[in-house]
Amino acid sequence: MFKLSFVIIGLYLISSSLGFLLQEPKLKIGSFNIQAFGQDKIGTPENVETIIKIMSRYDILAIQEVRDSTNEHVILNFVLNKLNEMLAGTGIKYNFIITGPLGASSYKENYAYIYRETTDVSSRKIEVVKHFVYDDVENVYGRPPFIAEFRILDSQLSIKEFTLMNLHIRPSYVFSETSAFRTVVDRYQNGVEKNIAIMGDLNFDCSFISGIKRNQVRSIISDFTWYINDDAATTKSTSGCAYDRILINSQKFNNAVVKGSNITYYYYLDLGLTTTQAAEISDHFPVEIDIN
Ligand SMILES: *[C@@H]1O[C@H](CO)[C@@H](O)[C@H](O)[C@H]1NC(C)=O
């Protein structure tokens, strides 16, 4: 336990100090399950402050577990107003897209993306070309993937158009929901390879799926590279489970990933929080990659 945390902190320090020496990352994409991200959570100013600091790290962040049944998207409107207030004068302005409440049972959650719509730094703009919830005709998913096509207006990036698929897989259906990525991706690509990253809380580890089944899933979607591997610890649990994952398919997209940038972001180390304070925000940590 002590040894594991020591290794985790060590890896973290190495990756963040390398990041410091390298050029400013071109485009940082993350995924974060912000546990029960609803009214109760944003009722505490300290939580909001931490959440917006974490958000401000990313050009695009896929979020799971938003709890918002309003048509006005009150949770993300509130938080993004605070985020944009914090960034006033920097030229950076965030926007978001969000689904309605998803889920067949009484438990529902929304998926969202927040993204830097404009920034003065390198005058980059991020556009959402289109977005939709996957049409799950076979009824495989509890909460089908939220698919969004992004276009990045930035002459320096090697990749300017890609698609993100954001979801939170139900713990009891990890094998069936991850195997069905094959259908989701094939239907979406419709015979023409596209640049796709699947990202989210896939619950793809520990008691929810065996090593044998994990390998089966990997072979079903062997066109994808897994950027957060089985050794990662993406939750506060001491058993070191890699629930949160990022998978990327095309050669072009894979080539654009900055080596070593695929990490779990233990933000409490950066923000000077205790692990107890971090647990107020979520039982998960963000996972991330940089694109250049
Ligand atoms: C980052 O990606 C590389 C290449 O896929 C992989 O070898 C490495 O284990 C990944 N690191 C983490 C923390 O998952």
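User: What makes the shell around the ligand four nonpolar, three polar and no charged residues?

Analyst: The model is predicted: local features need pLDDT of at least 70, side-chain atom pairs count only at pLDDT 80 or more, and totals for chains, interfaces and linings use all residues. Residues are numbered from 1 along each chain as its sequence is written. The ligand is surrounded by T225, Y227, I228, N229, A232, N262 and I263; a residue is near a molecule if its C-beta atom, placed from the backbone, lies within 6 Å of it. Ala, Val, Leu, Ile, Met, Phe, Trp, Tyr, Cys and Pro count as nonpolar, Asp, Glu, Lys and Arg as charged, and the others, Gly among them, as polar. The shell therefore divides into four nonpolar, three polar and no charged residues.

User: Why is H73 called partly exposed?

Analyst: A residue is buried if 20 or more other C-beta atoms, placed from the backbone, lie within 10 Å of its own, exposed if 12 or fewer, and partly exposed in between. H73 has 17 C-beta neighbours inside 10 Å, so it counts as partly exposed. H73 lies in the loop between β2 (60–66) and α4 (74–86); helices (H or I, at least four residues) and strands (E, at least two) are DSSP runs, numbered from the N terminus. The phi of H73 is near 50°, a positive value in a residue other than glycine.

User: How do you know whether N190 is buried or exposed?

Analyst: N190 has 7 other C-beta atoms within 10 Å, and therefore N190 is exposed. Its place is in the loop between α6 (181–189) and β8 (196–201). N190 also has a positive phi, about 50°, although it is not a glycine.

User: What makes G38 partly exposed?

Analyst: The count for G38 is 18 other C-beta atoms within 10 Å, so G38 is partly exposed. G38 is found in the loop between β1 and α2 (39–42). Leaving aside neighbours within four places in sequence, G38 is in contact (C-beta atoms, placed from the backbone, within 7 Å) with R67, D68 and I75.

User: Which residues of helix α3 are buried, and what covers them?

Analyst: In α3 (residues 45–55), T50, I51, I52, I54 and M55 are buried. The elements covering them include β1 (27–37), β2, α4, β4 (110–118), α9 (267–271) and α10 (275–281).

Note on methods:
Contact = placed C-beta atoms within 7 Å.
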